[in-house]
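The structure is shown first.

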Amino acid sequence: MEWHIPRSHPRYYSIIIRERLVKAFHEGIVVPQGLIAHGRGEAFDYILGETSHEFALEAERAAVALILLAKKPIISVNGNYASLASHEIVELSLETNAIIEVNLFYRTEDRIAKIEDLLRKAGAKNILGVNCEKTLIPGLESPRGIVCKDGIYSADVVLVAIEDGDRTQALKRIKKKVIAIDLNPFSRTAQSADITIVDEAIRATRNMVKIARELKGLDRRLLEQIVNSYDNRRILMDAFKTIKARLEEASSKGFILEAP
Ligand code: PTJ
């Protein structure tokens, strides 16, 4: 069923994004658990004021520099990420020459094929998913451990978004550099990634496309400087400080000036 959402609604954008996910759920791209995961992300985004803060932009810049420096960067895509940001993912992969790999927690070949199809319609050329030689990430028992030999398994840098908790740690154990987009800075993924982007996945990917256009002509030494001067602990501290400041403002005044 299609609902008419008036453009004048103060939460129009947020409602439209929910509609997009619900549609993707009916099409078999997003799992029901993905709708719950979205709600958790929304709650953090609400507290953060639904904007890309300086700490997120800094992490996004370091992430793009790391991807541009990588020998084999991979953008790992699940049901939520694909249905929210297929166009942005494809643009990022084209701007940075990163390969897209569909990797699912609730894995079925049918869902992988549907997600590949969605990404192809958005213009993707280089996708790994159904048709690749599979192997396993050691120590990861969920089906997310099934990866493409020519993809995540042999990558040096992997970008993950809207992820459950165990994979970042498993990827780190096999010496991958992990970039995570996760609105929840408390999460296991956010805490164990090399670069944590505490930002909404659509905004984050859009920002990264712009940054990639800016950085891709730069000398490798300048990109290395961006990566070497990046400190993920400080970025996480800034994210927590922002949450704390917004809660303090709300708790001292009983209202917040910039309600989303
Ligand atoms: O498509 P599948 O089968 O691979 O399944 C994917 C889900 C999302 C179901 C799976 O990865 C999962 O259960 O994730 P979690 O454990 O709920 O974690 C998702 C994390 O992403 C949470 O920390 C959320 O706060 C965060 N999140 C949710 N929506 C967004 C987000 N972060 C950034 N942007 C979002 N739009």
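In this predicted model, α2 (32-48) and α4 (79-96) each contribute at least two residues to the shell around the ligand. The greatest contribution comes from α2, which provides six residues. In total, 24 residues surround the ligand, and the closest are Phe105, Tyr106, Arg111, Arg144 and Asp182. The space that the ligand takes is the largest pocket.

| Residue | Protein atom | Distance to a ligand oxygen atom |
|---|---|---|
| Phenylalanine 105 | polar backbone atom | 2.8 Å |
| Arginine 144 | polar side-chain atom | 2.8 Å |
| Aspartate 182 | N or O atom in the side chain | 2.9 Å |

The ligand taken alone exposes 750 Å², of which the protein buries 94%.

The structure also holds one disulfide. Cysteine 132 and cysteine 148 form this bond, with their sulfur atoms 2.0 Å apart. The torsion about the S-S bond of cysteine 132 and cysteine 148 is about -75°, and the disulfide is therefore left-handed. Cysteine 132 is located in the loop between β3 (127-128) and β4 (134-136), whereas cysteine 148 belongs to strand β5 (residues 146-148), so the pair ties together parts that are 16 residues apart in sequence.

Conventions. Residues numbered from 1 in each chain as written. Predicted model: local features only at pLDDT ≥ 70, side-chain atom pairs only at ≥ 80, totals over all residues. Heavy atoms only, no water. Near = heavy atom within 4 Å. Polar contact = N/O pair within 3.5 Å; in protein donor to acceptor, adjacent residues only side chain to side chain. Areas by Shrake-Rupley, 256 points an atom, 1.4 Å probe, with all protein chains shown as cover. 1 Å grid on protein atoms, 1.4 Å probe; cavity = no way out; pocket = protein on both sides within 12 Å on 5 of 7 lines; lining within 4 Å. Sits in = over half its atoms within 2 Å of the grid points. Helix = DSSP H or I, 4+ residues; strand = E, 2+ residues; numbered from the N terminus. Disulfide = S-S within 2.5 Å.
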